[in-house]
Amino acid sequence: MVNKLERYRRQIAIPGFGQAGQHKLEAAHVVVAGMGGLGTAASIYLVAAGVGHLTLIDAQRVELSNLNRQVLHWPPDVKRLKTESATEKLHVLNPSVSIDAKAEEITWKNIDELLRNADVVVDGMDNYQTRYLLNEACVRIRKPFVHGAVEGLNGQLTTIIPGDGPCLRCIIPKPPPRKTALPVLGATPGVIGCLQAIETIKLLVGIGEPLIARMLFFDGERTSFTETEVHRNPKCPICGSMASL
Amino acid sequence: MVRARILLFATLRDKYGVRELEVKCDGTVRNLIENTAKAVLDKGFLGHVYDVGRNKVRDDLIFSINGRNIKDIKEQIKIKEGDTVAIFPPLAGG
């Protein structure tokens, strides 16, 4: 117990966090959907902070071209399952965190089971088809959803609390044209993934003001952040009929 | 005519090679986008940002006027002198 307190001493000292906040993290379950650039960055900080239980979802295997940004996967991991590669390092980083690796594609058939025990769901996907699936399920089963996306030196972030602020479909009703092998500087998902970890920890501990009803844009070319207000669409096919919190 | 400040982000900036410009318009969003297309010397900009058939900004973009998403503005939209319009193409990668 003493060691545990020492390990987390510097975050316990944050005003409003305290030992009670640490206990909340230890009792929490976060689902990280995707073990790419966003998911690896976010999960490192969630595990380092002592979130008690993580479920990592990704059906893919590590490719050499992933290594510029997917920082939990290293050269010897090429061709291994991303969930295995990530779990191994995260376990070394913090052995007290329980990690559940799911090497599965997310589909409408398995999504409810995958998200059932989540306190927060982190978006580490690389396509809107699966993001919309996660968004719909999070609205339906009332799970906070921390959305992030990147391209090049640009990133975007918002926190979705069903019933309190818009869902992803309110903000982006139609998916942007699908592109493959998007250019991306590795540190860009690092920035957004770390912000997703901050949002998640804030929600779990109950500190700060989450990024609800605001979309944050990171412009790495100029190193600037811009935000815009975003609101619920009463006609949204996903959350429009839901009562406000 | 009024003058607005247009900010382009991410792939829009890459495609049209402009980060920020000042554009005159008659106060309508469509005219603002048409005049931006002229300013960036690319007619394709109009269709990239505006759904001409439905006479509205495309659904797969975030178009904000002074920090408010155009989708959330219920009142009649009139671009005013000095307004800042930011156009964000949603990002997809992870």
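Predicted model: local features only at pLDDT ≥ 70, side-chain atom pairs only at ≥ 80, totals over all residues.

Biologist: How do you know whether the radius of gyration of chain A agrees with that of a compact globule?

Modeller: The radius is taken over C-alpha atoms, and the globule rule is 2.2 Å times the number of residues to the power 0.38. For 245 residues a compact globule would be near 18 Å, and chain A has 17 Å, which agrees. Its C-alpha atoms fill a box of roughly 50 × 40 × 40 Å along the principal axes. Nine helices and eight strands belong to chain A; these elements are DSSP runs, helices being H or I of at least four residues and strands E of at least two, numbered from the N terminus.

Biologist: What makes residues of chain A count as being in contact with chain B, and how many are there?

Modeller: Two residues are in contact if their C-beta atoms, placed from the backbone, lie within 7 Å. By that test, 35 residues of chain A are in contact with 20 residues of chain B. The elements of chain A giving two or more residues to this side are α4 (37-48), β5 (145-151), β6 (154-160), β7 (214-219) and β8 (224-229). The residues on this side of chain A comprise 16 nonpolar, 13 polar and six charged. Here Ala, Val, Leu, Ile, Met, Phe, Trp, Tyr, Cys and Pro count as nonpolar, Asp, Glu, Lys and Arg as charged, and the others, Gly among them, as polar.

Biologist: Why is Phe17(A) called buried?

Modeller: A residue is buried if 20 or more other C-beta atoms lie within 10 Å of its own, exposed if 12 or fewer, and partly exposed in between, with C-beta atoms placed from the backbone. Phe17(A) has 21 C-beta neighbours inside 10 Å and therefore counts as buried. Phe17(A) is found in the loop between α2 (9-12) and α3 (18-26) of chain A. Beyond its neighbours within four places in sequence, Phe17(A) is in contact with Gln11(A), Ile12(A), Val205(A) and Ile207(A). The C-alpha atoms of Phe17(A) and Gly206(A) are 8.2 Å apart, although 189 residues separate the two along the chain.

Biologist: How do you know on which side of α3(A) the buried residues lie?

Modeller: The buried residues of α3(A) are Gly21(A), Gln22(A), Lys24(A) and Leu25(A). They cover an arc of only 155° around the axis, so they are on the same side of α3(A); the arc is that of the directions from the helix axis to the C-beta atoms. Gln19(A) and Ala20(A), on the other side, are exposed. The cover over the buried residues includes α2 and α9 of chain A.

Biologist: Is Asn55(B) buried or exposed, and what makes it so?

Modeller: Asn55(B) has 9 other C-beta atoms within 10 Å and is therefore exposed. Asn55(B) lies in the loop between β3 (50-51) and β4 (56-57) of chain B, and its phi is near 55°, a positive value in a residue other than glycine. Ala10(B), by contrast, is buried, with 24 other C-beta atoms within 10 Å. Ala10(B) belongs to helix α1 (residues 10-16) of chain B and has a phi near 50°.

Biologist: What makes β5(B) and β7(B) a pair, and in which sense do they run?

Modeller: Two strands pair if DSSP finds at least two bridges between them. Four bridges join β5(B) to β7(B), and these strands run antiparallel. Phe63(B) stands opposite Ile87(B) in β7(B). β5(B) also pairs with β6 (residues 68-69) of chain B in the antiparallel sense, over two bridges.

Biologist: What makes both faces of β5(B) count as covered?

Modeller: Ile62(B) and Ser64(B) on one side, and Phe63(B) and Ile65(B) on the other, are all buried.

Notes: Residues numbered from 1 in each chain as written. Chains lettered and ligands numbered in written order.
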